[in-house]
Amino acid sequence: MVLTPFLASTGSKIGASIESKRGLIGARKEDVADAKDYVVVAGFGRVGQSVCDLLDARLIRYMAFDLSPVKVMEARNKGLPVFFGDACRPEVLKAAGIKNPKAVIVTLDDQNGANRAVNALRREYPNIQIFVRAKDAKHQKKLQLGGATAIVPELLESSLLLGGAVLLSYGTPIEEVNLLIEEARKKTLMDAGLDISGLTGYSLTKSDQKI
């Protein structure tokens, strides 16, 4: 029984080591040879994939990580820079050759996991930008206190589009509805501390009335 704490500690270290190495599964030399100024995306689910699509569109280099072997294999088969591992653990990023990421985007839908990720990443990388997905306004504030830029994607877009559809059903001109949606979106992003100059986003079309 005396050895139990020692064994637990040793097991934890071995597990962390294995996980770090797993972060390189499927990686080619060219994937990690020059991993500078990369944006790191933690999580390759629905939100993570949408983020990566936007980065691809602007030719911004990124490396995404996920703990689902199936998602990683599917992405690798498409030639995408997605690897198995927990990007919220700095040792995994270092194992992948990422010493100073340009930014980290945390797309986890678990509140506690997102909180731990922000704390660990902020300790290791005090000067980088950390963008994180928040579950609600309360969670958003907590993450921002930890030094992250937090956005509530589901709450933001669904509420805007739902409200816009209601306005359309009351006969409000679609141009006015889209203007109101855009103003509300910009205010939300400004409150999160983002520079919204030149921002344009999704707007309603007449077909969106039928929801």
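Which residues on the other side of H7 are exposed? In this predicted model, they are Lys138, Lys141, Lys142 and Leu145. The buried residues of helix H7, which spans residues 137-145, are His139, Gln140 and Leu143. These three lie on the same side of H7, because the arc they cover around the axis is only 105°. An α-helix has 3.6 residues a turn, so residues three or four places apart point the same way.

The surroundings of H7 come next. The cover over its buried residues includes H6, strand E5 (129-133) and strand E6 (149-151). At the start of H7, aspartate 136 places a side-chain oxygen within 3.2 Å of the backbone nitrogen of lysine 138. Just after the helix, glycine 147 has a positive phi of about 95°.

Helix H4 (residues 69-77) can be read in the same way. Its buried residues include Val72, Ala75 and Arg76. Because they cover an arc of only 100° around the axis, they fall on the same side of H4. Val70, Met73 and Asn77, on the other side of H4, are exposed. Glycine 79 follows H4 and has a positive phi, near 80°.

The largest nonpolar core holds 27 residues, and Phe65, Leu93, Val106 and Val132 have the most contacts inside it. Two or more residues come from each of strand E1 (39-42), strand E2 (62-66), H5, strand E4 (103-106), H6 and E5. H6 is the element that gives the most to this core, with four residues. Leaving aside residues up to four places away in sequence, valine 132 touches Val106, Ala114, Val118, Leu143, Ala148, Thr149, Ala150 and Ile151. Leu143, one of these contacts, is also one of the buried residues of H7.

The charged pairs remain. Side chains of opposite charge can pair when their charged atoms come close. With a side-chain nitrogen of Lys or Arg required to lie within 4 Å of a carboxyl oxygen of Asp or Glu, the count comes to three salt bridges.

One of them joins lysine 94 and glutamate 124, with N and O 2.6 Å apart. This pair links distant parts of the chain, since lysine 94 is in helix H5 (residues 90-95) and glutamate 124 is in helix H6 (residues 111-124), 30 residues apart. Lysine 94 has a relative accessible area of 44%, so this residue counts as partly exposed. Glutamate 124 is likewise partly exposed, at 34%.

Another salt bridge is formed by arginine 89 and glutamate 91, whose closest N and O atoms are 2.8 Å apart. Arginine 89 is partly exposed, with a relative accessible area of 29%, and glutamate 91 is partly exposed at 32%.

Is the pair of arginine 185 and glutamate 182 buried or exposed? Both residues are buried. They form a salt bridge in which the closest N and O atoms are 2.8 Å apart. Arginine 185 and glutamate 182 both belong to helix H9 (residues 174-191), where they sit three residues apart, about one turn of the helix.

Notes
Residues numbered from 1 in each chain as written. Predicted model: local features only at pLDDT ≥ 70, side-chain atom pairs only at ≥ 80, totals over all residues. Heavy atoms only, no water. Buried < 20%, exposed > 50% of the residue type's maximum accessible area, 1.4 Å probe, protein only. Arc of directions from axis to C-beta. Contact = heavy atoms within 4.5 Å. Polar contact = N/O pair within 3.5 Å; in protein donor to acceptor, adjacent residues only side chain to side chain. Core = buried A, V, L, I, M, F, W, Y, C linked by side-chain atoms within 4.5 Å.
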